[in-house]
Amino acid sequence: MTRLAALLAAPAAVLLIAAGPPDWPNKEDIPTPGPVSVGLAGSEEIDVTRYFLANGPRRAALSPDGKAVAYTSNLTGEQQAWVIDTAGGAPRQLTFGLGVDGIIWTPDGDVLYGADKGGDERFGYFSVSPDGFKERVVVPQSDGFTYFGDFTTDGRAIYASTARNGRDFDLYSADLKGGGARLLVQGRLGLYPVAMQPNGDLMLAYESKSENAGEVSLIDLKTGRERAILKPDQPAQYDAFAWTPDGKGFYLVTDQDREFAALAYYDLAGGKLKIVEAPQSDVVSVTLSHDGRYLVWVTDEGGFHTLHGRDVRTGKPLAIPKFQPGAYAIEFARKAPVLGIHVSGPATPAELWTWDLTTGKARLVVAPTAAGLDLARMAMPSVVRFKARDGTPLSGLLYRPANAKGPAPVFLRLHGGPTSHARASWRPEVQYLVARGYAVLDFNYRGSTGSGKTLASLNDKRLRVNELGDLIDAVGWIKTQPGLDGARVAVGGGSYGGYLTNAVIGAYPGVFVAGVSEVGVADWVKNLEEAAPSLKASDRGEYGDITDPADRAFLASISPMNNAAKIRDPLLIQVGANDPRNGVVEQDQYVTAIRKAGGKVVYMRYPDEGHQMSNLGNIVHFNRAKAAFLEEHFKTAK
């Protein structure tokens, strides 16, 4: 959501008990990673460690004057905040604690960042001066969930928090100098602040109705009054809000009344939504220069991003600099015609560029760390398309190994979400598997975004049962492809992709040689009952109402836990004990049920991780084990 989407864009989905995760009696399931070793650069088989040491900036933000960039990086082994001058020089590390995730510049030139505790996603907000000498608590960490919005004209931070009742997201303003926060407006479930009107009192707020639909309102922060402005008859998504400097309207991305998300403009006085650009692919982001002259947006074609721009004053298109193919995140500086571009692609672990629209010059500010890898030899995926048995269009990004000796075994990678899709960004785990001679199909099952609104809705609620057939049809397609071994296909994914792995391994035994489930759902009833307020609103649209007996019964019927006793295919399960989305208790129960019935599961239960692994030692440890697990079962299946 606008330039602030990089800062804590998705609060957690499952609450942890205050006492922390429960103990687990099987100590052999609790990994104890040793020191990270990298092996020798240029050796015949590069160790997995180098693929994860190869990195670049994760999130980034331009200073108000466009002369510095703040970014987060795990160069030290943990995510930390850094800053570098755009004219060049050495980067400076700003933070040294744990849990840093999200970063933005304050109007007065400090850096605001979020930090949680061990991956629990209960973020507090802190500011640090660009020289690193002064650091303040803006919003302390607590048991509440927070969502950052924007800054007011007088320089206070606006954020939403569940602190009042643990359920509703109320709007607060916080003094950036550490003077505390005050309640502005009592909110409700699923309501988030997103962008402040320039030199005004109106805050754009987004209310989530499902994972890919919502409504937009204006909240007057002085009076507390709220006015709905975008409340469609049919579900629609709104994102990437960019106010014009005069505060009379804003650009946004929306699929209202459309199959694909378009670039649009909303006029406040007339209450009209006007389509500005409507390609036959999704517009995914938009940003506007501080003076309103330059408009830049990004489209997504099959997982690869394309940058577009226009001089609003003349109507002429901008000459776009060339960047590595991949996924792009963009943001104009708050007070200068300088665009920041974050590039992550199959051949770059992420890099930061600035583009000065006055001079037309693009400059590489932060280059990726290659860690001894020849990035030019990384696998570039191709976009593939085929149909499910019922004619539903399916797609994906196919990575083929250059060193395969005969037909290559295939890892069917399932993205999370589910309202997401395969993107051509840096994926070290994929590149490592490809380097070992395996093909990887990063698969878009029904319900994935990127191919139109209709496809994205085909797994909503009771339609969810049809997803598993797509996975089987993907295997059928693989069997028809030259150079791929359709008899040796493993399946795996994280979060929702982990759920699908759990489900298909239990429902279709023998189709896959192995499965890898990372923080995946095993019991929908338990998962949705314990969902945090941040996802309860969207969950109802995506999955159904857990309090409704019919919906509850359906969700219980599709839970992988039902087939735990039937699982005989090799299964590797990874979880973080602090995961606030797919809780560790749910994973413990699932593993116990499989083992009790005689099934074998390798369980990797990391005590110091959350939903996304952040400790480099743990990441290397798990991915080395994952590669060995797949190699073992690919060989066994010959």
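The structure is a predicted model, in which local features need pLDDT of at least 70 and side-chain atom pairs count only at pLDDT 80 or more, while totals for chains, interfaces and linings use all residues. Residues are numbered from 1 along each chain as its sequence is written, and side-chain values use heavy atoms, with hydrogens and water left out.

Rolling a probe the size of a water molecule over the atoms shows where empty space is left. Helices (H or I, at least four residues) and strands (E, at least two) are DSSP runs, numbered from the N terminus.

Next comes the interior. Buried means under 20% relative accessible area, exposed over 50%, and partly exposed in between (1.4 Å probe, protein chains only). A nonpolar core is a set of buried Ala, Val, Leu, Ile, Met, Phe, Trp, Tyr and Cys residues joined through side-chain atoms within 4.5 Å. The largest such core has 53 residues, and Leu412, Leu441, Phe443, Leu471, Phe512 and Trp524 have the most contacts inside it. Helix α4 (residues 467-479) puts in the largest share of this core, seven residues. Another core, of 37 residues, lies apart from it, with Met378, Val440, Val513 and Met604 among its members. Taking contact as heavy atoms within 4.5 Å, and leaving out residues up to four places away in sequence, Leu412 touches Leu441, Phe443, Leu471, Ala474, Val489, Ala490, Val491, Gly492 and Phe512.

Two single residues make a handy contrast. Glu542 sits in helix α7 (residues 533-542) and counts as buried because its relative accessibility is 0%. Residues up to four places away in sequence aside, Glu542 touches Ser210, Glu211, Pro418, Thr419, Asn459, Asp460, Lys461 and Arg464. Lys27, found in the segment before α1 (48-53), is exposed, with a relative accessible area of 56%. Lys27 and Arg605 are 578 residues apart in sequence, yet their C-alpha atoms are 9.4 Å apart in space.

Now for the strands, where two count as paired if DSSP finds at least two bridges between them. An open sheet of four strands runs in the order β1-β2-β3-β4, with antiparallel pairing. β1 (59-62) and β4 (92-93) are at the edges with a single partner strand each, so one side of each has no neighbour in the sheet. Four bridges tie β1 to β2 (residues 68-73) in the antiparallel sense, and Ala60 has Tyr71 of β2 as its bridge partner. β2 and β3 pair antiparallel over six bridges, with Thr72 partnered by Ala81 in β3. The hairpin of β2 and β3 has six residues between the strands, and Gly77 in the turn shows a positive phi of about 105 degrees. Strand β3 (residues 80-85) is mostly covered, with five of its six residues buried. Two bridges join β3 to β4, again antiparallel, and Trp82 is partnered by Gln93 in β4.

Further along, strand β5 (residues 100-105) pairs antiparallel with β6 over four bridges, and Ile104 has Leu112 of β6 as its bridge partner. Five residues lie between the strands of this hairpin, among them Gly109, which takes a positive phi near 95 degrees. All five residues of β6 (residues 111-115) are buried: Val111, Tyr113 and Ala115 on one side, Leu112 and Gly114 on the other. β6 also runs antiparallel to β7 (residues 124-128), joined by five bridges, with Val111 opposite Val128 in β7.
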